[in-house]
Amino acid sequence: MTKMKPSKIEISSTVEIECSTSKMANSIKTALQPDNLNFPKGLSIQMLSYDNKLIIKIDCTSGMATFISNLDEILEHSQIADAALYND
């Protein structure tokens with residue numbers, strides 16, 4: 001039986017979070033920035049705030065599990081930052 005070589009999966013996603021104000025979008029981005037250091041090989045995350053939107057771009061070649069866990073962490077930390085900054 002021949003072993004199959006695992007295929008290399010490339011995943012790319014852009015998430016737009018619409019905030020009530022541009023200040024809120026920028027504040028959440030600033031709160032998330034310390035998390036954007038020392039990524040594993042094959043993972044790239046860029047964030048920018050534009051008008052009242054926080055735009056997050058994720059590129060991953062490290063597998064589906066890495067992509068999903070990092071996306072989940074970003075969304076969870078965004079929610080925590082929103083709650084901490086704006087007491088909703």
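1. In this predicted model, residues 24 or more positions apart account for 60% of the contacts with a separation of 6 or more, a contact being heavy atoms within 4.5 Å. Local features need pLDDT of at least 70, side-chain atom pairs count only at pLDDT 80 or more, and totals for chains, interfaces and linings use all residues. Residues are numbered from 1 along each chain as its sequence is written, and side-chain values use heavy atoms, with hydrogens and water left out.

2. The secondary structure comprises 2 helices and 3 strands, arranged β-α-β-β-α from the N terminus. Helices (H or I, at least four residues) and strands (E, at least two) are DSSP runs, numbered from the N terminus. Of the 88 residues of the protein, 25% count as buried; buried denotes under 20% relative accessible area, exposed over 50%, and partly exposed the range in between (1.4 Å probe, protein chains only).

3. The helix pair deserves a separate remark. The axes of α1 (residues 22-32) and α2 (residues 64-86) come within 9 Å and cross at roughly 120°. Axes here are lines fitted to C-alpha atoms, for helices over the stretch in contact, with angles running from 0 to 180 degrees between N-to-C directions. The two helices are therefore oblique to each other, the class left over once angles under 35 degrees (roughly parallel), over 145 (roughly antiparallel) and 65 to 115 (roughly perpendicular) are set aside. The crossing of α1 and α2 is right-handed, that is, the near helix is turned clockwise from the far one by less than a right angle.

4. On the α1 side, the residues that meet α2 are Lys23, Met24, Ser27, Ile28, Ala31 and Leu32. Their counterparts in α2 are Ile74, His77, Ser78, Ala81, Asp82, Leu85 and Tyr86. The residues of this contact divide into 8 nonpolar, 3 polar and 2 charged. Ala, Val, Leu, Ile, Met, Phe, Trp, Tyr, Cys and Pro count as nonpolar, Asp, Glu, Lys and Arg as charged, and the others, Gly among them, as polar.

5. Leu54 lies in strand β3 and is buried, with a relative accessible area of 0%. Leaving out residues up to four places away in sequence, Leu54 touches Val15, Glu16, Ile17, Ala25, Ile28, Lys29, Leu32, Leu48 and Ser49. Between the C-alpha atoms of Leu54 and Ser22, 32 residues apart in sequence, the distance is 8.6 Å.

6. Leu71 belongs to helix α2. Apart from neighbours within four places in sequence, Leu71 is in contact with Val15 and Ile58. Its C-alpha atom is separated by 9.6 Å from that of Ile45, 26 residues apart along the chain.

7. With 53% relative accessibility, Asp51 counts as exposed.

8. As to the cysteines, Cys19 counts as buried at 8% relative accessibility, and Cys60 is buried with a relative accessible area of 2%. The count of disulfides (a pair of cysteine sulfur atoms within 2.5 Å) comes to 0.
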